[in-house]
Amino acid sequence: MDPEVARTLDELERKIAELERTLSSMAASPEPVPGATTGTPVAPVAPVAPAPGLTASPAEPEPQPARAWSRVVDERIEHEAPRSPRLAPPRGPEPPVVRRPVLQARSPQATRSVGPEEMLRFRDRLERAARDLTHDYDELLGRLSYATVSSPAGPTISFARGAPSLDIVDVDGLRDAAVRAFESDPAGTTAYGTSIGYPRLRSWIADRHGVEPERVLVTNGSMQADAFLFEHLIRPGDEVIVERPSYDRTLLSLRQRGARLHAVELEPDGIDTDALARLLEGGAAVRPKLAHIIPNFQNPAGYTLSLAKRQALLELAGRHEFVVFEDDPYVTLRFSGEELPTMLSLDPERVVYASSFSKTVCPGIRVGYLVGPTELIKAIAQLATNTYISPNMVAQSIVYEFCASGAIERSIETVKAALAERAHTLAEALRRELPEARFVEPQGGYFMWVTLPEGTDVHALFQAAADRGVSFVKGTDFLLDGGENTLRLAYSGVTPEQIDAGVARLAEAYRSL
């Protein structure tokens, strides 16, 4: 931690501890506080526990629980740069405690005594100041976007996680939305609710997609929406079409349910629909129940399904009677190119749609949703009821307030501007530092898929990169087979400066193989 920040927080903690001890003494005093009106007793003040590390004086009363506050710091940084002790060494015996403390104002004109209420207010001011400083410090830590491990090259630069850095999360907007949620609908925010989700948010999502609320189910993140759909539709042995590569958690979820997966090659304009047609219509024809598609800025590839392929895919789904699962958490994060219609809007009876607020609001909010035919949503709602009664009403009511106020649009613009700069910086750094790499510069989203020359061992590269303080996800994690010369780079959580430094380290690791 920065020494100046540490000293300031230490001083605030010391003052709070002194005030708590004084208040405890005042509460235990058998005599009235000087300056009080004769005959009017001063309301007793509950004894307050000493600050962490303080030992109560034997002459003081038994400490009672007090309102506490805590400081959250980066444990690695604090461990590497220990602060000077906050408190003096253990004290020896103390003289008897004087039970009539009076705090005189510094001004010569001020003659009145200070009562417990005023001291409590002052302590609250100190606590608020400490919390504000801690918040500012934590925000700076978040903007570093470093992993909490170090290497000889310095703090690790991570291209591994698909999450935004704190500097592009609207923390103030979320705080305001939380206040409004508890003020405008305390009953709905704090209740169990029902499995369909927070009704106001459900209606907002329905309006957004131009469907009836009965076609919407709000869940704890889009991964739970996926899980509910798979649980309802997929049985062991059912055939499912997936993209190659595809999101690793989706592959895992489907395989755990015993699905037989058929991976169809992903091209820069989306899944190869010609190859899919051959798979569906060949001699050993596949009869899928579901096709899982990430149409916009696909995870992990960053590719987008073209309009022509969206239409071709829907035509194949209609002819061969399978459901298209449109998994679309990145749809609003387009920073270049032409916006395309969702497949849900093109064929609302054939498509089940999922999305999330993790990428546009923040990952920690854990709110996602499904949109689909009414009967399917009704069946999944019953499954949700049997699973958890209802999802998180507090989180969903906050998201509703955030969306209804228009903050969601401002947040999306902030995120898109940052992602555009970071994606371009990553592409330029790769062209400069690693010209052997092949990739498609994305038009939105969080990810870039990189293919290195044949024969590259991505497992060896992963370790060599880690030794130099840079991390990524191996392409083999997103494939049922192959991909030993591929990797995914996430640029959402790193600044342009970190991208330049990270790609330089990655190139050095590649040349060391």
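Which residue forms a salt bridge with Glu265, and how far apart are the closest N and O atoms?

What we have here is a predicted model, so local features need pLDDT of at least 70 and side-chain atom pairs count only at pLDDT 80 or more, while totals for chains, interfaces and linings use all residues. Residues are numbered from 1 along each chain as its sequence is written, and side-chain values use heavy atoms, with hydrogens and water left out.

First, the overall picture. The protein chain carries 16 helices and 14 strands; these are DSSP runs numbered from the N terminus, with helices being H or I of at least four residues and strands being E of at least two. The chain has 513 residues, and 49% of them count as buried. Buried here means under 20% relative accessible area, exposed means over 50%, and partly exposed is in between, using a 1.4 Å probe and protein chains only. The accessible surface is about 24400 Å², with 53% of that belonging to carbon and sulfur atoms; the areas come from the Shrake-Rupley method with a 1.4 Å probe, and for residues only the protein chains shown count as cover. Now look at contacts, meaning heavy atoms within 4.5 Å. Taking those between residues at least 6 apart in sequence, 74% join residues at least 24 apart.

Let's go inside. By nonpolar core I mean a set of buried Ala, Val, Leu, Ile, Met, Phe, Trp, Tyr and Cys residues joined through side-chain atoms within 4.5 Å. The largest one has 59 residues, and Leu201, Val324 and Phe357 touch the most other members. Helix α13, residues 393-404, gives the most to this core, with seven residues. If you click on Leu201 and set aside residues up to four places away in sequence, you will find that Leu201 touches Val218, Phe357, Val367, Gln396, Val399 and Tyr400. Apart from this core lies another, of 38 residues, including Leu333, Ala437, Val450 and Leu487.

Back to the opening question. Glu265 pairs with Arg244, and their closest N and O atoms are 3.2 Å apart. As for accessibility, Glu265 is partly exposed, at 40% relative accessible area.

Two other pairs deserve a look. Arg257 bridges to Glu231, with the closest N and O atoms 3.4 Å apart. That pair links distant parts of the chain, 26 residues apart: Arg257 is in the loop between α8 (248-256) and β5 (260-267), and Glu231 is in helix α7 (residues 222-233). Then there is Glu413 with Lys416, at 3.3 Å between the closest N and O atoms. Both lie in helix α14 (residues 407-433), three residues apart, about one turn of the helix. Glu413 is partly exposed at 48%, whereas Lys416 is buried at 18%. Salt bridges with shared partners also join Arg244, Glu265 and Asp481 into one network.

Now for a charged residue without a bridge. Glu243, in strand β4 (residues 239-244), is buried yet has no salt bridge, and the nearest side chain of opposite charge, Arg310, is 9.4 Å away. For that search Lys and Arg count as positive and Asp and Glu as negative, while His and the chain ends are not counted. What the side chain of Glu243 does have is a 3.1 Å polar contact with the side chain of Gln298. A polar contact is a pair of N or O atoms within 3.5 Å; within protein, one must be able to donate a hydrogen and the other to accept it, and residues adjacent in sequence count only if both atoms are side-chain atoms.

Last stop, the backbone. Most residues other than glycine have a negative phi, and most peptide bonds are trans. Here, the bond from Arg244 to Pro245 is cis, with omega near 10°, and the bond from Asn299 to Pro300 is cis too, with omega near 25°. Phe297 has a positive phi, near 55°; this residue is in the loop between β7 and α10 and is buried at 1% relative accessibility. Thanks, everyone!

Key
A salt bridge is a side-chain nitrogen of Lys or Arg within 4 Å of a carboxyl oxygen of Asp or Glu.
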